[in-house]
Amino acid sequence: MNNYKALDAKDREFLVSLLGEERVYTGETISEDFSHDELGGISQRPEVLVNVLSTDEVSKIMSYAYENNIPVVARGSGTGLVGASVPIFGGIMLNMCGMNKILELDEENLTLTLEPGVLLMEISKYVEEHDLFYPPDPGEKSATIAGNINTNAGGMRAVKYGVTRDYIRGLEIVLPTGKVINLGGKVVKNSSGYSVKDLICGSEGTLGIVTKVILKLIPLPKKAISLLLPFPDLDSAISTVPKIIKSKSIPTAIEFMQREVILAAEEFLGKKFPDNTSDAYLLLTFDGNSTEELESDYEKVANICLEEGALDAFIIDTDERKEAVWSARGAFLEAVKATTTDMDECDVVVPRNKVAEFIKYTDLLQEQFNVRIRSFGHAGDGNLHVYVLKDALTDAEWKEKLDEVFAAMYKKSRELEGLVSGEHGIGYAKKGYMFDQYEPEYVELMRNIKLAFDPKNILNPGKVCE
Ligand SMILES: Cc1cc2nc3c(=O)[nH]c(=O)nc-3n(C[C@H](O)[C@H](O)[C@H](O)COP(=O)(O)OP(=O)(O)OC[C@H]3O[C@@H](n4cnc5c(N)ncnc54)[C@H](O)[C@@H]3O)c2cc1C
């Protein structure tokens, strides 16, 4: 049982003395935006919202909160999809978005040092101007780098380049006690004890507050091209993926999509996709440093796909085609949302040869529960985005069906040796499904790790493993 202290005038006074009136908000002066993230259904305003600007401020607030047993939640842009940044116990919310400076580009060590609130879109723009590349590419570019670190954000380029965790060289964090520690650094290798830095990636703000980041960069590939491959059905599209990966011409992204989602995107954007006549599609991208290298890669892969039953191979090389394909891919989530009254998302990851089996299972669930289900996702890494749509169901019917359909999907994912979340994390919304998956000993280990960082359980309580 958590006996957190309710904030009073004295606590507010402390925060105002540290930050000034203009950076401390209480009650109705806190915008409703800070009570939720992009997941519907769970919302709670913090008792106090503060805009922090330095590590020192974060450290002083944490040590005050620690002494007084006040819960604290760090918040980036609030684009999360599992309720991870919702302050379910009230307390203090630290808005990290004002700590948004790029501090140093080290072109010899290929690192970028920056504050936690820098946005993903600013990072790519900045490094590309210096002919460098930060490969992780999650769909929501207005997310902060610390939000990306804390959810170990993925994205389409994971097939070739990996995820956020693979590009974190060093972190400065403030512990729940207020103590500041540094993890990793600019070094390339590190075998110096437990990798606490890697534990922070994906910890959803439950272990420490990230106040500085050192990212790994790589040289910017000079050229990129995409290939769109229509297949007669999802099975033949998905069964081609392991063959593509084995062919040694590693695509940057391998996405799958089905006709219904393409039609929804056409309707949503009012723009035509290059082709919408087939049931299933693979969309691949390749990058490299010369046209010859790219041509040899995509020709090899196009031939494999044609041998495996692809009906055609469209090279997406003109600006017009690129825009048609990528604006549609970028709009899938919003396009599906626009076709219904409400929806919820399951983001399991399964071994990549099981993607078709999982999606076919969701087709059966549609019929069994008489509910619409739409999906698309990352065929190259087995991470699916499956949406259950509310349509005309009442709230009560929707809740009941959603619980049953989700329980069935997560059960199926376990049978296929998948995991609860390939992207977006556990937060508040997916805890139950994670508990169903892991042995009690695993959960206990996670709880003990949490306790080692946060003995009073004041940092983002009620999330991930609680
Ligand atoms: C349209 C859309 C597309 C998306 N596409 C993708 C995608 O392709 N891949 C993907 O992985 N996600 C995707 N997301 C989800 C979301 O963008 C990511 O989870 C993102 O990493 C959240 O970043 P944020 O800055 O918005 O963090 P928030 O939502 O504000 O917070 C997320 C978590 O990080 C913690 N946190 C934030 N800052 C700090 C800090 N400084 N220190 C400690 N903890 C902190 C919070 O407490 C919370 O637990 C998408 C979301 C939307 C709406």
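In this predicted model, the charged end of K412 sits over the ring of Y361, at 5.1 Å from the centre of that ring.

The structure holds 11 aromatic pairs. One of them joins F133 and Y161 in an edge-to-face arrangement, with 5.6 Å from centre to centre and 80° between the planes. This pair links distant parts of the chain, for F133 belongs to strand β7 (residues 132-133) and Y161 to helix α5 (residues 158-161), 28 residues apart. Are these two residues buried or exposed? A residue counts as buried when its relative accessible area is under 20%. F133 has a relative accessibility of 4% and therefore counts as buried. Y161, with a relative accessible area of 13%, is buried as well. Elsewhere, ring pairs link F332, F376 and Y387 into a cluster.

Strand β4 comprises residues 92-95. It pairs in the parallel sense with strand β2 (residues 48-51) over 4 bridges, and also in the parallel sense with strand β3 (residues 72-75) over 4 bridges. M93 takes part in both pairings: L49 stands opposite M93, and M93 is the bridge partner of V73. Which way do the side chains of β4 point? In a regular strand, side chains alternate between the two faces of the sheet. In β4, I92 and L94 point one way, whereas M93 and N95 point the other way, and all of them are buried.

A further sheet is built with antiparallel pairing. It is an open sheet of 7 strands, in the order β15-β12-β14-β13-β17-β18-β16. Why is one side of β15 and of β16 left without a neighbour in the sheet? Strands β15 (314-316) and β16 (343-346) stand at the edges and each has a single partner strand, so one side of each lacks a neighbour there. Neighbouring strands of this sheet are turned by 20° against each other on average, direction ignored. Within the sheet, strand β13 (residues 253-258) and strand β14 (residues 280-288) pair in the antiparallel sense over 6 bridges. One point of this pairing can be located by its residues: Q258 has A280 in β14 as its bridge partner.

The model also includes a ligand. There are 34 residues around the ligand, and those that come nearest are A74, G76, T79, G139 and T144. A74 places a polar backbone atom 2.6 Å from an oxygen atom of the ligand. For S77, a polar backbone atom is 2.9 Å from an oxygen atom of the ligand.

Finally, attention may turn to D11, found in helix α1 (residues 9-19). D11 has a relative accessible area of 0% and is therefore buried. Which groups lie beside its side chain? The backbone nitrogen of D8 lies 2.9 Å from a polar atom of the D11 side chain. The side chain of D11 also makes a polar contact with the side chain of Y64, at 2.5 Å.

Conventions: Residues are numbered from 1 along each chain as its sequence is written. This is a predicted model: local features need pLDDT of at least 70, side-chain atom pairs count only at pLDDT 80 or more; totals for chains, interfaces and linings use all residues. Side-chain values use heavy atoms; hydrogens and water are left out. Two strands pair if DSSP finds at least two bridges between them. Helices (H or I, at least four residues) and strands (E, at least two) are DSSP runs, numbered from the N terminus. Axes are lines fitted to C-alpha atoms, for helices over the stretch in contact, and angles run from 0 to 180 degrees between N-to-C directions. Buried means under 20% relative accessible area, exposed over 50%, partly exposed in between (1.4 Å probe, protein chains only). Rings of Phe, Tyr and Trp (its six-membered ring) pair if their centres lie within 6.5 Å; planes under 30 degrees apart count as stacked, over 60 as edge-to-face and the rest as tilted. A charge sits over a ring if NZ of Lys or CZ of Arg is within 6 Å of the ring centre and within 35 degrees of the ring normal. A residue is near a molecule or strand if one of its heavy atoms lies within 4 Å of it. A polar contact is a pair of N or O atoms within 3.5 Å; within protein, one must be able to donate a hydrogen and the other to accept it, and residues adjacent in sequence count only if both atoms are side-chain atoms.
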